[in-house]
Amino acid sequence: MHAVKLLTNVSSLKLRSTCLRPHGRITHTSFLESGNDAIDVSGTVVELEDVLIAGAGDKGISAGERSRIEGRRVRIHRAEIALASKDLSEMNLETVEIDES
């Protein structure tokens with residue numbers, strides 16, 4: 001997952017591989033002034049909870065290559081593109097706040 005090097009505060013991050021499809025969980029985490037995509041996943045299943053993204057230079061959250069993102073309580077502030085899903089990926093997010101994006 002490209003986003004790991006951009007994390008400023010990680011409360012819980014668990015990754016495991018099952019049938020060559022990694023699973024992860026990101027909670028209580030802020031991505032600040034990331035420059036490019038704050039969270040960028042490919043071929044991954046990720047759960048997000050209580051995530052703040054502020055100042056993403058490109059996308060707040062990007063999913064590709066059949067990824068699946070589930071989440072709740074996500075706030076995206078000042079991203080060029082708040083959410084992007086491509087290549088048969090899915091996003092299911094609850095309680096999302098998007099502003100200045």
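Tutor: A strand is a DSSP run of E with at least two residues, and a helix is a run of H or I with at least four. In this predicted model, the secondary structure of the protein chain comes to zero helices and eight strands.

Student: In what order do the elements of the protein chain run from the N terminus on?

Tutor: The order is β-β-β-β-β-β-β-β.

Student: What makes β3, β5 and β7 a sheet?

Tutor: Two strands pair if DSSP finds at least two bridges between them. The three strands form an open sheet in the order β3-β5-β7, with parallel pairing. Neighbouring strands of this sheet are turned by 0° against each other on average, direction ignored.

Student: Why are β3 and β7 called the edge strands?

Tutor: Each of them, β3 and β7 (81–85), pairs on one side only.

Student: Why is Ser 62 called buried?

Tutor: The term buried applies under 20% relative accessible area. Ser 62 has a value of 2%, which is why the residue counts as buried. Its place is in strand β5 (residues 59–64).

Student: Which residues is Ser 62 in contact with, leaving aside neighbours within four places in sequence?

Tutor: They are Asp 37, Ile 39, Asp 40, Val 41, Ala 84 and Lys 86. Of these contacts, Ile 39 and Val 41 form the covered face of β3, whereas Asp 40 belongs to the uncovered face along with Ser 42.

Student: What makes a group of residues a nonpolar core?

Tutor: The members are buried residues of the types Ala, Val, Leu, Ile, Met, Phe, Trp, Tyr and Cys, joined through side-chain atoms within 4.5 Å. Here, the largest such core has 18 residues, and those with the most contacts inside it are Ile 39, Leu 48, Ile 53 and Ile 61. Two or more residues of this core come from each of β2 (21–32), β3 (39–42), β4 (45–54), β5 and β6 (68–77). The most is given by β4, with four residues.

Student: Why is Asp 58 called partly exposed?

Tutor: Partly exposed covers the range between the 20% limit for buried and the 50% limit for exposed. The relative accessibility of Asp 58 is 27%, and the residue therefore counts as partly exposed. Asp 58 lies in the loop between β4 and β5.

Student: How do you know that Asp 58 is in contact with residues beyond four places in sequence?

Tutor: Contact requires heavy atoms within 4.5 Å. With neighbours within four places left aside, Asp 58 is in contact with Gly 35, Asn 36, Asp 37, Ala 79, Glu 80 and Ile 81. As for Ala 79, 21 residues away along the chain, its C-alpha atom and that of Asp 58 are separated by 6.1 Å. That separation is between C-alpha atoms, whereas the contact criterion concerns heavy atoms.

Student: Why are Thr 95 and Glu 100 called exposed?

Tutor: Exposed means over 50% relative accessible area. Thr 95 stands at 57% and therefore counts as exposed; Glu 100, at 59%, is likewise exposed.

Student: Where in the protein chain is confidence lowest among the strands, and where is it highest?

Tutor: Confidence is lowest in strand β1 (residues 12–18), at a mean of 53, and highest in β8, at 98. The protein chain averages a pLDDT of 85, and 79% of the residues score at least 70. Over residues 1–8, pLDDT stays under 50, and the model has 22 contacts beyond four places in sequence for this stretch.

Conventions:
Residues are numbered from 1 along each chain as its sequence is written. This is a predicted model: local features need pLDDT of at least 70, side-chain atom pairs count only at pLDDT 80 or more; totals for chains, interfaces and linings use all residues. Side-chain values use heavy atoms; hydrogens and water are left out. Buried means under 20% relative accessible area, exposed over 50%, partly exposed in between (1.4 Å probe, protein chains only). Axes are lines fitted to C-alpha atoms, for helices over the stretch in contact, and angles run from 0 to 180 degrees between N-to-C directions. pLDDT is the predictor's confidence in each residue, from 0 to 100.
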